[in-house]
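This note accompanies the structure shown below and is written for a reader who is new to such models. Please keep the sequence and the 3D view at hand while going through the numbered points.

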Amino acid sequence: MSRFVVGLTGGIASGKSEVTRRFEALGVTVADADLAARAVVAPGSPALAMISERFGPGMLLGDGALDRARLRAHVFADMAERKALEAITHPAIRELLRTRCEQAEGPYAIAAIPLLTEAGGRAAYGWLDRILVVDAPEALQLARLMQRDGNDAVLAQRMIDAQATRAQRLALADDVVANDGHPDALQAQVERLHGAYLKLPLTGQ
């Protein structure tokens, strides 16, 4: 079982997925918050029952699965409703991520949590031993978003502005991967951190 958990986060289009892929290639287990968010609302889950009770059975499809599009449209139109949904799902997501990390093979695991800063940081995820931030300049995030999703500059900027600031994320960081250059430089940073993390559980630091 894993004895050490690293929380990995970063802004939109900062390169989080690329960094987690490189850790996985080194044999590290990565528990993904986006995948956990889907798992905790699977048919028959306690969270889905709570969603149905709080928002109405109309939020379910005919087969009993969550109508994600309808629920998303509902909660993003009303901040109070969004907070109500988060109060149901976030604790379940945190618990599932923790369980998957603790059960992982190897001396450490990674919990990939895109909205770690927005979800309460260390206060909400007190079981994280370290926090790794994948960092990129905002101008580069903007360019990547426009290229990746075909968004115009106005929409891309809105998406960036809807998240925590770069400074807020970096304030949480124990470690930083700078994803603003060549992929080879990214690989070197991941390998350096991997080597350091392999030693940390043995030294207790």
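By about how much of the helix are Arg-98 and Glu-102 in helix α5 separated?

1. The model under discussion is a predicted one. As to the opening question, Arg-98 and Glu-102 are 4 residues apart in helix α5, so about one helical turn separates them. The two residues form a salt bridge, in which the closest N and O atoms are 3.1 Å apart. Arg-98 is partly exposed, its relative accessible area being 33%. Glu-102 is also given as partly exposed, with a value of 33%.

2. Helix α5 holds another pair of this kind. The side chains of Arg-82 and Glu-86 meet in a salt bridge, with an N to O distance of 3.5 Å. Because Glu-86 and Arg-82 lie 4 residues apart in helix α5, about one helical turn lies between them. Glu-86 has a relative accessible area of 21% and is partly exposed. Arg-82, at 28% relative accessibility, counts as partly exposed.

3. Glu-81 pairs with Arg-54, and their closest N and O atoms are 2.5 Å apart. This pair links distant parts of the chain, since Glu-81 belongs to helix α5 and Arg-54 to helix α3, 27 residues apart. Is Glu-81 buried or exposed? Glu-81 is buried, because its relative accessible area of 14% falls under the 20% cut-off. Arg-54, by contrast, counts as partly exposed at 39% relative accessibility.

4. The packing of the two helices deserves attention as well. The axes of helix α3 (residues 46-55) and helix α5 (residues 79-102) come within 9 Å of each other and cross at roughly 155°. The angle is over 145 degrees, and therefore α3 is roughly antiparallel to α5. The crossing in which α3 passes α5 is right-handed.

5. Which residues make up this contact? On the α3 side they are Ala-47, Met-50, Ile-51, Arg-54 and Phe-55, and these meet Glu-81, Ala-84, Leu-85, Ile-88 and Thr-89 of α5. By residue type, the contact of α3 with α5 comprises 7 nonpolar, 1 polar and 2 charged residues.

6. How many salt bridges does a search of the whole structure find? The search finds 9 salt bridges. Elsewhere in the chain, Glu-18, Arg-21 and Arg-22 are linked in a network of salt bridges.

7. Helix α7 (residues 138-149) contains Gln-141. Gln-141 is buried, with a relative accessible area of 3%. Leaving aside residues up to four places away in sequence, Gln-141 touches Gly-11, Ile-12, Ala-13, Ala-136, Ile-160 and Arg-169.

8. Finally, a loop residue may be considered. Gly-106 lies in the loop between α5 and β3 (109-112). With a relative accessible area of 37%, Gly-106 is partly exposed. Gly-106 and Gly-27 are 79 residues apart along the chain, while their C-alpha atoms are separated by 8.2 Å.

Methods. Residues are numbered from 1 along each chain as its sequence is written. This is a predicted model: local features need pLDDT of at least 70, side-chain atom pairs count only at pLDDT 80 or more; totals for chains, interfaces and linings use all residues. Side-chain values use heavy atoms; hydrogens and water are left out. Buried means under 20% relative accessible area, exposed over 50%, partly exposed in between (1.4 Å probe, protein chains only). Contact means heavy atoms within 4.5 Å. Axes are lines fitted to C-alpha atoms, for helices over the stretch in contact, and angles run from 0 to 180 degrees between N-to-C directions. Angles under 35 degrees count as roughly parallel, over 145 as roughly antiparallel, 65 to 115 as roughly perpendicular and the rest as oblique. A crossing is left-handed if the near helix is turned anticlockwise from the far one by less than a right angle, and right-handed if clockwise. Ala, Val, Leu, Ile, Met, Phe, Trp, Tyr, Cys and Pro count as nonpolar, Asp, Glu, Lys and Arg as charged, and the others, Gly among them, as polar. A salt bridge is a side-chain nitrogen of Lys or Arg within 4 Å of a carboxyl oxygen of Asp or Glu.
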